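Me: I am new to this structure. Please show me how to read a few of its features.

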Amino acid sequence: MRWFEDGRLRFAVGIEDTFVPQEYPGRRRLDEYELTQHYHLWHEDLGLAAATGAEMIRWGVPWYLVEPEPGRFRWDWLDRVVDRLSELDLTCVVDLMHYGTPTWLDNQFLNAGYPGRVAEYAVRVAERYRDRLHVWTPLNEPTINAIYCGEKGVWPPALTGDDGFVKLATAIARGIVATQRGIAEVQPEASFVHVEASFRYAGDWFPFDLDLVRERRYLIMDLVTGAVGEDHPLYGYLLRHGVREDDLARLRESAVTPDVVGVNYYPAFTTSRFEPGSDTPVPVEAGTAGLEELLREFAGRYGRPVFLTETSRAGTPEERIGWLRDSVGLVRRLREEGMPVVGYTWWPLFALVDWLYRETTDPVARWLVPMGLYDLEADGAGVLRRVPTAAVEEFRRLTLDA
């Protein structure tokens, strides 16, 4: 029996691992491991993860550092991390791609060789650690990637509009398929958790076609799983923006299926509304009702077990504890009702750095967001100390009731 089939609820924590290493005028490198000092404090950080009572951890490999030049890999640091994960008996859901590509890959996701390059990297990681790593996420939040890189022009290759979104979406889908197929060939026992961001909208006025945007939430996973045929609601949309029918046919022929579908949800900003005439989203508090809706939608659409792969709330430790209790309570109720929710992840383990850091010259302290079980506080020597909050003990208590 595989881990997601034994009927248990597994608790996990995650370490924020966004990597956008490309630098441009007005755009700094965004590497969360660097900014939170995880590269230096990784040994302690993994120990803190285990101390929460979690048995799983979502942790990402910095592709751009592990493969600094095409085909040349540096394993020394990653070897030590994997040794530590094994020592702590933490099952790692490996984030192979958490946004950015290596700096040497020109045009990033749109590089003609991207699917093969990302698959080769993933296979090399899987081969090296196949005795200890066996749960893989090919690419985290593909829709966010397509929006930031292809529609909003914020991250490279900085395309804009629907045309850019579609180009990124199809390239990312091909990379996910190639990654899963490559790993499965060298590690048949591997399991795959495909993780997607979730989006909800409230209100009566929208600066976009609401039906289109709602359907796009699922587009990349639909492409990956071979669900985009002539009857798909976005089939015509894809063709209008340059995707050929034979491209979609090849994706259907090579389709892969995730073992588990990961859903990322934040009660205070997953849901948005818009003021009439404005294209600036206003966050809406949606609580457990929004979470339940999305878990039901993903479980129903894909017919796979679901894993709450990211959730948390910024604010005081008491506010975080309140959401921890409420969200775990919902997950347990849904399981009692028969929904196959196999995991719960508090993300992040400690404070993260807001992505807006990349677009400013402000010091990192300006952008620390207190969302973790641990807070980050700079000491007199500039080291970001990991300070436990009361949420650590509450998380540990909940894991004991699993």
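Me: With which side chain does the side chain of Glu-67 make a polar contact?

Reply: First, the ground rules. This is a predicted model: local features need pLDDT of at least 70, side-chain atom pairs count only at pLDDT 80 or more, and totals for chains, interfaces and linings use all residues. Residues are numbered from 1 along each chain as its sequence is written, and side-chain values use heavy atoms, without hydrogens and water. A polar contact is a pair of N or O atoms within 3.5 Å; within protein, one must be able to donate a hydrogen and the other to accept it, and residues adjacent in sequence count only if both atoms are side-chain atoms. Here, the partner is the side chain of Trp-63, at 2.7 Å. A polar atom of the Glu-67 side chain also lies 2.8 Å from the backbone nitrogen of Gly-71.

Me: Is Glu-67 buried or exposed?

Reply: Buried means under 20% relative accessible area, exposed over 50%, partly exposed in between (1.4 Å probe, protein chains only). Glu-67 counts as buried because its relative accessibility is 1%.

Me: Which residues is Glu-67 in contact with, leaving aside neighbours within four places in sequence?

Reply: Contact means heavy atoms within 4.5 Å. The partners are Arg-72, Phe-73, Pro-102, Trp-104 and Tyr-121. Take Pro-102: 35 residues separate it from Glu-67 in sequence, yet C-alpha to C-alpha they are 7.6 Å apart.
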